[in-house]
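Q: Got a chain to go through with you. Can we take it step by step?

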Amino acid sequence: MKKTIIAIVSVVILILSYWLISPFFIDTEVSESLPPMLMEKIEGSNTSTESLVRMRGTFVGFDKIHNGTGTASIYSFVNTEGAKNFLRFEEGFQVNNGPDLYVGFGKNGQYVK
């Protein structure tokens, strides 16, 4: 009976340890095109993607463990439904794995919460 309990507790600890530690070793690469409505706007006119970039910013690290590098752009255009904005992480963007990653918008060290 005692060996069974120890075995069950050991298996639970192993599963929990893997679940907590594995995100640090798993890399996910995402490559998405621009949203279809934005692509239609570009293809239907002489508009370039650069002309639709409203803002562009670079990522800086929060500390030595939590950091990201690369560029993000906010694309903006107006259609029949109103103004639309899209945040896009550009090619070469990298960020360390971690739980609950989020993006904060700011300027000169002042960020919107």
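**Surface and fold**

Q: What does the accessible surface of the chain come to?
A: About 9,800 Å². Carbon and sulfur atoms hold 60% of that area. Keep in mind that this is a predicted model.

Q: And how much of the chain is buried?
A: Buried residues are 12% of the 113 residues.

Q: How many helices and strands are there?
A: Two helices and seven strands.

Q: Which order do the elements run in?
A: From the N terminus, α-α-β-β-β-β-β-β-β.

Q: What share of the contacts is between residues 24 or more positions apart?
A: 34%, counting contacts in the chain with a separation of 6 or more.

Q: Where is Phe 24 found?
A: In the loop between helix H1 (2–21) and helix H2 (36–43).

Q: Is Phe 24 buried or exposed?
A: Exposed, because its relative accessibility is 54% and the cut-off for exposed is over 50%.

Q: New topic. How many salt bridges does the count come to?
A: One.

Q: Which side chains meet in it?
A: Those of Arg 88 and Glu 90. The N to O distance is 3.6 Å.

Q: Is Glu 90 buried or exposed?
A: Glu 90 counts as buried, because its relative accessibility is 18% and buried means under 20%.

Methods: Residues are numbered from 1 along each chain as its sequence is written. This is a predicted model: local features need pLDDT of at least 70, side-chain atom pairs count only at pLDDT 80 or more; totals for chains, interfaces and linings use all residues. Side-chain values use heavy atoms; hydrogens and water are left out. Helices (H or I, at least four residues) and strands (E, at least two) are DSSP runs, numbered from the N terminus. Buried means under 20% relative accessible area, exposed over 50%, partly exposed in between (1.4 Å probe, protein chains only). Contact means heavy atoms within 4.5 Å. Accessible areas come from the Shrake-Rupley method with a 1.4 Å probe; for residues, only the protein chains shown count as cover. A salt bridge is a side-chain nitrogen of Lys or Arg within 4 Å of a carboxyl oxygen of Asp or Glu.
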